[in-house]
Amino acid sequence: MKAAVFHKPKDIRVDTVEDPKIEDPRDVVLKVTSTAICGSDLHIYNGLFPQPKPLVLGHEFMGIVEEVGSGITNLKVGDRVVVPFPISCGTCHFCNMSLPTHCENSNPEHYGPEGGLLKGKGGGLFGYTDLYGGYSGGQAEYVRVPYADYGPRKVPDNLTDEQVLFLTDIFPTGWSGIDWAGLKGGETVVIWGAGPVGIMAAKSAWLKGAGRVIIVDIQDYRLAKAKQAANVETINYNDGDAVEKIRQMTGGYGADVCVDAVGMEADHGVWTKALNVIQGEVGTMRVLERCLDAVRRGGVVTVLGVYGSPYDNFPLHQWFDKGIQIKGGQAPVHNYIDHLIELVATGKVVLEDIITHKVPLSDAAKMYDIFNKKEDNCVKVVLKP
Ligand code: NAD
Ligand code: ZN
Ligand code: ZN
């Protein structure tokens, strides 16, 4: 079959690789009908997460069941499903605590309590480096889905792939960032990053009763997309002091909630790159710092953007003095997906309006480059195998 294979940073090729097969009674093999490129894939693409050998990428995918393992009774050949990006067994200590991204069975070689740089990582993820289980991902014609009696969800026939594809990751992820903040209604939510995740967080904020939603980004075209798809107010980060603007917009107090939907690949200069080498850091935490600065006293900061190393000079004093609550991590997609399918099916939310590029899988290498460089007004790429 054909698949988008990571070889080394900035080198992705659509190769012919071996077809996946059933390896465990709880597996299914899926014929992928749609798959997307995520900001998280860029961390591998740009070399911030190491991957020593070729790997089929892709954790956002859906398709038709092609083959079922002997233990599968909930799905049959021909069923159309979306698949949550975390690989979770559904029965272990952490799965039982509704913490599917911390599954202790899906990443046997690299799992552990530490959450370290190169050891003791969380549960397995599709197409997301050997450290996260080394699973082949779904930017491919076919993909093996483990624990298929726990993850995949059937989708209504009347909904198109584009309407439901983002239930695999970015909509539940955006939803997590708002759910974790525990809105009571009427809050001012400021989201950093007008990428796919930030826009999904904005849609979620309205659905959960926010009174005001503001998005900050450095790209005007993405701010324009966020305004169109999620009816937000916008701030360009490079246009004056964004934190000061947020204070002015909130009577001097700051936002009730700040969501970091950027992570360690926020734009940063040469000085930070030099510090990275000296301090053993990857990327920057400047957006998280801005969130702590822009949130009001007693407010909440949720962190969806990915961070891959320790960072010095974390503003612990500000967190303490302002009494800020912080919550973040990989999104527990399994906990939210059924409710979110309902919201899509009943027309309460539209997800496909962020798609800017729908192209054949064979264009994957070119689209990684365009998405990474934020060219061609690119917001979200859907690949068709
Ligand atoms: P993306 O790269 O498309 O979007 C990031 C956005 O941040 C871009 O629009 C960029 O212009 C903007 N940005 C850069 N520097 C900025 C700054 N200083 N201030 C404001 N905005 C800035 O990525 P995405 O797909 O939207 O994903 C965003 C983040 O969420 C990534 O780190 C990704 O890995 C992460 N993510 C996390 C989960 C999870 O489960 N927690 C799931 C999916 C994605
Ligand atoms: Zn993703
Ligand atoms: Zn588990």
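The structure is a predicted model, and every value below was computed from it. One zinc ion (ligand 3) is held by Cys89, Cys92, Cys95 and Cys103, while the other zinc ion (ligand 2) is coordinated by Cys38, His59, Glu60 and Asp169. The helix pairings are those of α5 with α6, α7 with α9 and α4 with α5.

**The zinc ion (ligand 3)**

- The protein donors of this zinc ion (ligand 3) are the SG atoms of Cys89, Cys92, Cys95 and Cys103, which lie 2.3 to 2.4 Å from the metal.
- Because the four donor atoms subtend angles of 104 to 118° around the zinc ion (ligand 3), the arrangement is tetrahedral; for comparison, the ideal angle for four tetrahedral donors is 109.5 degrees.
- Along the sequence, the donor residues of the zinc ion (ligand 3) follow the spacing C-x2-C-x2-C-x7-C.

**The zinc ion (ligand 2)**

- The zinc ion (ligand 2) is coordinated at 1.9 to 2.3 Å by Cys38 through SG, His59 through NE2, Glu60 through OE and Asp169 through OD.
- The site of the zinc ion (ligand 2) is also tetrahedral, with angles of 90 to 133° among its four donor atoms.
- In sequence, the donor residues of the zinc ion (ligand 2) are spaced C-x20-H-E-x108-D.
- Cys38 sits in the loop between β3 (28-36) and α1 (39-45), and Asp169 sits in the loop between α3 (161-164) and α4 (170-179), so this pair ties together parts that are 131 residues apart in sequence.

**Helices α4 and α5**

- The axes of α4 and α5 are 7 Å apart, and the two helices pack at an angle of about 55°, which means that α4 is oblique to α5.
- α4 passes α5 in a right-handed crossing.
- On the α4 side, Ile170, Phe171, Thr173, Gly174, Trp175 and Ile178 take part, and they meet Pro196, Val197, Met200, Ala201, Ser204, Ala205 and Leu207 of α5.
- Sorted by class, the contact of α4 with α5 has 10 nonpolar residues, three polar ones and no charged ones.

**Helices α5 and α6**

- Helix α5 (residues 196-207) packs with helix α6 (residues 220-230) at an angle of about 30°, their axes being 10 Å apart, and α5 is therefore roughly parallel to α6.
- The crossing of α5 and α6 is right-handed.
- α5 contributes Pro196, Ile199, Ala202, Lys203 and Trp206 to this contact, and α6 contributes Arg222, Lys225, Ala226, Ala229 and Ala230.
- The residues of the contact of α5 with α6 comprise seven nonpolar, no polar and three charged.

**Helices α7 and α9**

- Helix α7 (residues 242-249) and helix α9 (residues 286-294) have axes that come within 9 Å and cross at roughly 25°, so α7 is roughly parallel to α9.
- The crossing of α7 and α9 is right-handed.
- Val243, Ile246 and Arg247 of α7 meet Arg290, Asp293 and Ala294 of α9, and this contact of α7 with α9 divides into three nonpolar, no polar and three charged residues.

Technical notes. Residues are numbered from 1 along each chain as its sequence is written. Chains are lettered from A and ligands numbered from 1 in the order in which they are written. This is a predicted model: local features need pLDDT of at least 70, side-chain atom pairs count only at pLDDT 80 or more; totals for chains, interfaces and linings use all residues. Side-chain values use heavy atoms; hydrogens and water are left out. Axes are lines fitted to C-alpha atoms, for helices over the stretch in contact, and angles run from 0 to 180 degrees between N-to-C directions. Helices (H or I, at least four residues) and strands (E, at least two) are DSSP runs, numbered from the N terminus. Angles under 35 degrees count as roughly parallel, over 145 as roughly antiparallel, 65 to 115 as roughly perpendicular and the rest as oblique. A crossing is left-handed if the near helix is turned anticlockwise from the far one by less than a right angle, and right-handed if clockwise. Contact means heavy atoms within 4.5 Å. Ala, Val, Leu, Ile, Met, Phe, Trp, Tyr, Cys and Pro count as nonpolar, Asp, Glu, Lys and Arg as charged, and the others, Gly among them, as polar. Donors are N, O and S atoms within 2.8 Å of the metal (3.2 Å for Na, K and Ca); water is not among the atoms, so sites may look incomplete. Four donors count as tetrahedral if all angles lie between 85 and 135 degrees; four count as square planar and six as octahedral if opposite donors are over 155 degrees apart and all others between 65 and 115; anything else is irregular.
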